[in-house]
Amino acid sequence: MTQDELKTLVGRAALNYVPLGEVVGVGTGSTVNKFIEALATMKDQIRGAVSSSVASTERLQAIGIRVFDANEVEELAVYIDGADEIDGHGCMIKGGGAALTREKIVAAQARRFVCIADESKRVEVLGGFPLPVEVIPMATQRIVRQFAALGGKARVRLKDGQPLVTDNGQHILDVTGLAIRDPLAFETEVNQWPGVVTVGVFAQQKAAVCLLGTSGGVQTLHF
């Protein structure tokens with residue numbers, strides 16, 4: 001199967017984790033887009049969704065699903081989102097689509113994180129995928145130097161030759177050269193750096209379940 005077909009497979013499989021009559025947390029990205037397409041088949045069986053990005057909100061509304069502001073919902077039973085990398089403990093790197101801060105906010109609202117991904121995202125150690133970090137622009141160069149001290153190389157993500165601006169009005173650094181062997185400690189440290197809005201390591205809000213698209217079908221991993 002192609003990568004696109006694997007994404008479709010896990011997007012449909014995620015419907016089994018959608019609680020009927022409730023509000024579901026919906027993430028961002030190409031795999032989540034497949035889930036949103038599948039969610040259209042049961043849109044009348046849920047109250048609505050809380051979305052982690054403008055792009056996902058628009059997709060959900062286009063198929064007739066009500067999108068709630070996060071502040072309107074006390075708790076979500078489940079948050080369904082993809083990952084750029086996921087390790088054997090359910091810790092992830094996320095944010096390739098620049099929505100990491102909002103993804104982390106919605107994940108923190110949910111009782112359970114269900115990750116949907118194809119098998120190429122499964123890794124032993126996080127860090128092969130460039131680590132996204134959302135930063136306040138005035139702190140950019142100091143944070144670049146702090147990553148250099150850890151052996152990482154941070155670059156400002158560009159769009160049309162200019163720094164990409166997130167849904168929150170901030171910039172993204174993509175950091176390469178890191179091997180993140182203790183994701184929880186790493187996330188905790190970097191989140192303390194002044195000027196960091198969010199680091200794209202999801203260890204505090206790690207996955208409880210991963211639906212992994214493989215050539216043999218959907219593999220379910222529990223953490």
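**Notebook: a first look around the model**

I counted 6 helices and 16 strands in the protein; helices (H or I, at least four residues) and strands (E, at least two) are DSSP runs, numbered from the N terminus. This is a predicted model, where local features need pLDDT of at least 70, side-chain atom pairs count only at pLDDT 80 or more, and totals for chains, interfaces and linings use all residues. Residues are numbered from 1 along each chain as its sequence is written, and side-chain values use heavy atoms, with hydrogens and water left out.

**Overall form**

I looked up the radius of gyration (taken over C-alpha atoms). The protein has 17 Å, which agrees with the value near 17 Å for a compact globule of 223 residues; that rule is 2.2 Å times the number of residues to the power 0.38. The C-alpha trace spans about 50 × 35 × 35 Å along its principal axes. I also noted that buried residues (under 20% relative accessible area, 1.4 Å probe, protein chains only) make up 56% of the 223 residues.

**A sheet and its helices**

Next I traced an open sheet of 4 strands, in the order 9-12-8-13 with antiparallel pairing. Two strands pair if DSSP finds at least two bridges between them. Its edge strands are strand 9 (153-156) and strand 13 (196-199), each pairing on one side only. Strand 8 (residues 131-135) pairs with strand 13 over 3 bridges, in the antiparallel sense, and I found V133 bridged to V199 in strand 13.

Which helices lie across strand 8 and strand 13? Helix 5 (residues 140-149) does, and also lies across strand 9 and strand 12 (171-176), running at about 15 degrees to strand 12. Helix 6 (residues 183-191) lies across strand 8 and strand 13, at about 170 degrees to strand 13. Axes here are lines fitted to C-alpha atoms, for helices over the stretch in contact (heavy atoms within 4.5 Å), and angles run from 0 to 180 degrees between N-to-C directions.

**The cores**

I then checked the nonpolar cores, sets of buried Ala, Val, Leu, Ile, Met, Phe, Trp, Tyr and Cys residues joined through side-chain atoms within 4.5 Å. In the largest, with 25 residues, V26, F35, L39, I80 and L211 touch the most other members. Helix 2 (30-39) is one of the elements giving two or more residues to this core, and helix 2 gives the most, with 5 residues.

Leaving aside neighbours within four places in sequence, I80 is in contact with residues including V26, F35, V114 and I116. A second, separate core of 23 residues includes C91, V123, V144 and V199.

Conventions:
Buried means under 20% relative accessible area, exposed over 50%, partly exposed in between (1.4 Å probe, protein chains only).
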